[in-house]
Amino acid sequence: IQSQIDAILGSSPETLDTLQEIVAAFESADGDLQTLMTANASSISKIEGDIGYSQQTILANGKYFVNAPKEGNGAVYAYDASDMSAEPVKLSRSDSPNNGHFGVKMIVSNNKLIVSSTSLTEIYGGHRIPSSKIYIYDVENLSSDPIVLSGESGWGISFDVFSGKLYVGDPYYGTGQGRVRFYNLDTGTLSGTITPPYNVGDYDLFGQSITSNSNRLFISSPNVERSSGNTTFWNAGRIDAFDTNRSSVGSIVVQNQSLQLGNYGMVCNDQYLVAFRSSESGGIAKGALHVYDVSNLSAPPILLDGTEGGHSLSSSALFASPNALSISSDYLAVGARGDNRVYVYDLEDFSSPRIITNAFNGGLSEFGCSVVLANDNKLIVGAGSTRNASWNDLEVATGSSFIYDLTQENQIFPEEINRPTSLTSSSNFGQSFAFSNTEVQVQNVLLDTTATTLSGAINELHSEMADNSATSAAVQTETD
């Protein structure tokens, strides 16, 4: 009996206990896999690796989304991660704003692919302010029509999903005081508005960047001024934190001239908030980052400026430009597209980042123009676009995208994402990425392939014991 248990469950007591919980739930659910999955998601995740279902299996059941913002009015290509060599599904929109760069920003959350389409208009004294539409697709039914949202000029420059709602920045609302609107993900219905929780001024740009973790929503106002005594710190910047009820629960206010905290983007997990800031030596064109402890926003931040580990950046490195900043539970990835490199920081030690370059192919321009960390230690990097002086002035280029495995210390030859056959030479393929982790599907597969085996094996063991008159209560307890 014990040998059969070992053969099925392995020798780990923790695994044995966890699987027994699952079997008990399976029996109480009368074999309903969905009920079992919902009731035991945490137990299932604990033993995935022990029975052979690793994060790679989750990856194999996901989708990669890669944009080509200058393919016509823009396009997004959906790849099945289990067969990256197959021709991807193309998403495009005829109602994208003129030169709309469909897909210029994308996220995946709550089984939704959320795509923005942006055209640039010259308003507010020559500032280039995006006018956007946002499209909400069902990841499992990409052929169905998406929900379409739109707003005034400036609306849609930033967005994120938090606590089941889609939050969209509207930083140029009013005279640049800004606001954030939030919407029902399933219907697109406007649910409400967040206004600045402080004495707002003109062109503070509340809502310029948005990011969130499991219980906090962060919103930046990069042009907030800060006065101290007789000194005014212009464009210093501010970040406000909100809880799941949208109540203000803290803020970060800095005293640095022209720091513009949070201007070009923020990312976070449950441990760290990472926000763009201008470089003291090179301004916005060079770029830098502040890393804050989410549990103590008032603590001094860690400064990252690309010099860690003895490295250096040029004055036009564009360190952490838009779409070139991503965080996972283990790593922070930062693109420096002007210097054709990507920095990968271990969240346990920011002092010695790994540097990834594109030396394998003789050097592509703008390597690191976009980065995203998938949940299985994969890093996706965009390259091959060109630009004018500013990050939002992309020139024509085909573009390339590469997948790196961060478990390999020195990966010289990454996997290149197969470019669609219809791609033109001016598409800017790989300017942004998104990744769909269809974990629920994997859990269904996990249960479907193991639950019958487990319950059948235990029934067989019970049957053998019933036929064995020498079976004692102790053996019955041990076997159960």
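The model is predicted, so local features need pLDDT of at least 70 and side-chain atom pairs count only at pLDDT 80 or more, while totals for chains, interfaces and linings use all residues. Residues are numbered from 1 along each chain as its sequence is written, and side-chain values use heavy atoms, with hydrogens and water left out.

Start with the whole chain. The chain has nine helices and 30 strands. Both kinds of element are DSSP runs, numbered from the N terminus: helices are H or I with at least four residues, and strands are E with at least two. Of the 480 residues, 51% count as buried. Buried means under 20% relative accessible area, exposed means over 50%, and partly exposed lies in between, with a 1.4 Å probe and protein chains only. The accessible surface of the chain is about 20100 Å². Carbon and sulfur atoms hold 44% of that surface. Such areas come from the Shrake-Rupley method with a 1.4 Å probe. Now take the contacts (heavy atoms within 4.5 Å). Among those with a separation of 6 or more, 52% link residues 24 or more positions apart.

Four strands make it up, in the order 8-9-10-11, and their pairing is antiparallel. Two strands pair if DSSP finds at least two bridges between them. Strand 8 (159–162) and strand 11 (190–194) are the edge strands, and each pairs on one side only. From one strand to the next, the twist averages 25°. Its axes are lines fitted to C-alpha atoms, and angles run from 0 to 180 degrees between N-to-C directions. Look at strand 9 (residues 165–170) and strand 10 (residues 179–184): six bridges pair them in the antiparallel sense. Lysine 165 has asparagine 184 in strand 10 as its bridge partner.

Move on to strand 13. Five of the five residues of strand 13 (residues 217–221) are buried, so this strand is largely enclosed by the rest of the structure. In a regular strand the side chains alternate between the two faces of the sheet. Here Leu217, Ile219 and Ser221 point one way, Phe218 and Ser220 point the other way, and all are buried.

What does strand 13 join? Strand 12 (residues 210–212) runs antiparallel to strand 13, with three bridges between them. A hairpin of four residues joins strand 12 to strand 13. Threonine 211 stands opposite phenylalanine 218 in strand 13. Strand 16 (residues 238–242) also runs antiparallel to strand 13, through five bridges. In strand 16, aspartate 240 is the bridge partner of isoleucine 219.
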